[in-house]
Amino acid sequence: MARESPGNGVDPGRLIEDAFEGLAGSSILVDREGKVALATAGAAAILGRRPEAGTSIAELFPEPTSTGRGLAEELADELPVRALVPVTGPRGKTTVRVRAYPLRSGSGHLLSLGEGGPSMPCEGVEFQGMLTCSPAMLQVFRLVERVAQGDETVLVRGETGAGKELVARAIHDLSRRRNGPFHAINCAALPANLLESELFGHARGAFTGAVRDRPGHIQLAHGGTLFLDEVAELPLELQAKLLRVLETRTVMPVGARDAIPVDVRFISATHRSLRREVEAGRFRADLMYRLRVVPIFLPPLRDRPEDVLLLARRFIEEGNRRGPRRIEEISPEALALLQAHDWPGNVRELQNVIRYAFVVGEGPILLPTDLPPEFFEPDEVRKGAQGQSSAEARRILQVLSEVGGNREEAARRLGISRATLWRRMRSLGLLPSREG
Ligand SMILES: Nc1ncnc2c1ncn2[C@@H]1O[C@H](COP(=O)(O)OP(=O)(O)OP(=O)(O)O)[C@@H](O)[C@H]1O
Ligand SMILES: [Mg+2]
């Protein structure tokens, strides 16, 4: 039986094309194979040519986007994408702002195009006080949203300063427990006996100085969330005690006779692999399985280079609000150093580096001399300034950072005149363009 077309012989495909053209603005519809299905006149205008149906996205946008990957690769993640994409059209090389949305049924993507501005490589997505451009972090945000609906025990793994506590708070704030307490305790900060009574509480007379019953953090978090930071550092005897809490949902304070029922959601965090701690005999396997019902891995900052500039700009905005220095831009040399840095302290380190720049530097441009000394260790300079910077540049930057950017003092230490220092800095690309 032949299918009837609706209306008086109007081709439904044509109808959809007209609707798309009329409603979708500057858009390209991409099928599940990553090939152009439809493109509007608006999209053609931005690209400088109409993309043929059947052209693959990899062909249409062959160059890496502002996130460092190809657009086709980004689409494969099935997450919303926002990126600046370089294109070479009849008008030469331009940048196009692309937002891509996966279609609900997995049948393809809708790309929405805009004229690209060169200033911001990625606008960033804000979620519960966290900002990112990184697809891996966007996936973390999704997982946080989902896990907040339930009551499962969560283990957040990530390096120091990567945002573990922010993730724990986000889960609490989005959960049904949001009006209950959020308690955090750092398992690495206290010796075992103190940690025990901090966590589990104690009864009056349990030990010298225990003059009254005192609830521990587990009890204090009743109706809310307990965040166990650095959980891998929990001593073995307390691990056994915590396991009992998770199994029985009751807590037994030190020296008490009766267990007290508690309604607490547990979120723990660690910078170590718990599995490796288990293998080394330092962590109980049964507790590990109880704690990591839902594991969340936070990628370190060095693995999300797209976030370095985004977060640096965020922290600069914050610094500008505090004053008195106002930073309007980051010099290309300083940016190269920031992007090549290893960020062992992750987002917290970046935040501190920007604070340092506000204190140490002057003027509206963030310069290499505004960065702390660790940026001028040989390895960083080699990776960062990529050949622009010779040993001489390294030496000048080192001395300038030692003297807090004072060029007169730096020239004296280098045994050259101020004018020579200025000339050398200019020829080495160490001056802002205004001055250079
Ligand atoms: N994605 C982000 N956007 C904005 N700020 C962030 C982000 N991630 C982390 N921060 C900031 O970085 C700092 C460190 O974050 P947080 O305390 O959550 O890290 P952590 O992993 O718990 O560190 P530690 O292991 O040292 O306890 C905080 O000031 C936090 O606000
Ligand atoms: Mg923390």
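Let me begin with one pair of residues: L155 stands opposite P295 in β14, where strands (E, at least two residues) and helices (H or I, at least four residues) are DSSP runs, numbered from the N terminus. What you see is a predicted model, in which local features need pLDDT of at least 70 and side-chain atom pairs count only at pLDDT 80 or more, while totals for chains, interfaces and linings use all residues. Residues are numbered from 1 along each chain as its sequence is written, and chains are lettered from A and ligands numbered from 1 in the order in which they are written.

Staying with that pair, β8 and β14 run parallel and are joined by four bridges; two strands are said to pair if DSSP finds at least two bridges between them. Strand β8 (residues 154-157) is also joined by four bridges to β13, again in parallel, and there the bridge partner of L155 is S268. Strand β13 (residues 265-270) in turn has four bridges to strand β10 (residues 225-229), and these two run parallel, with I267 of β13 as the bridge partner of F227.

In what order do the five strands of the open sheet stand? The order is β9-β10-β13-β8-β14, with parallel pairing. At the edges stand β9 (182-186) and β14 (294-297), and each has a single partner strand, so one side of each is left without a neighbour in the sheet. On average, neighbouring strands of this sheet are turned by 20° against each other, direction ignored, with axes taken as lines fitted to C-alpha atoms.

Now to the domains, whose bounds come from an automatic or database domain assignment. The protein is divided into domain 1 (12-123), domain 2 (131-297) and domain 3 (302-427). The C-alpha centres of domain 1 and domain 2 lie 44 Å apart, and their contact (C-beta atoms, placed from the backbone, within 7 Å) takes five residues from domain 1 and four residues from domain 2.

Finally, why can we say that ligand 1 lies between domain 2 and domain 3? Both domains give residues to the shell around ligand 1, so the ligand lies between them. Of the 17 residues around ligand 1, M130, G163, K164, E165 and V347 come nearest, where a residue counts as near if its C-beta atom, placed from the backbone, lies within 6 Å. At least two residues of this shell are supplied by each of β7 (130-132), α6 (164-174) and α14 (346-360).

Notes
Two residues are in contact if their C-beta atoms, placed from the backbone, lie within 7 Å. Axes are lines fitted to C-alpha atoms, for helices over the stretch in contact, and angles run from 0 to 180 degrees between N-to-C directions.
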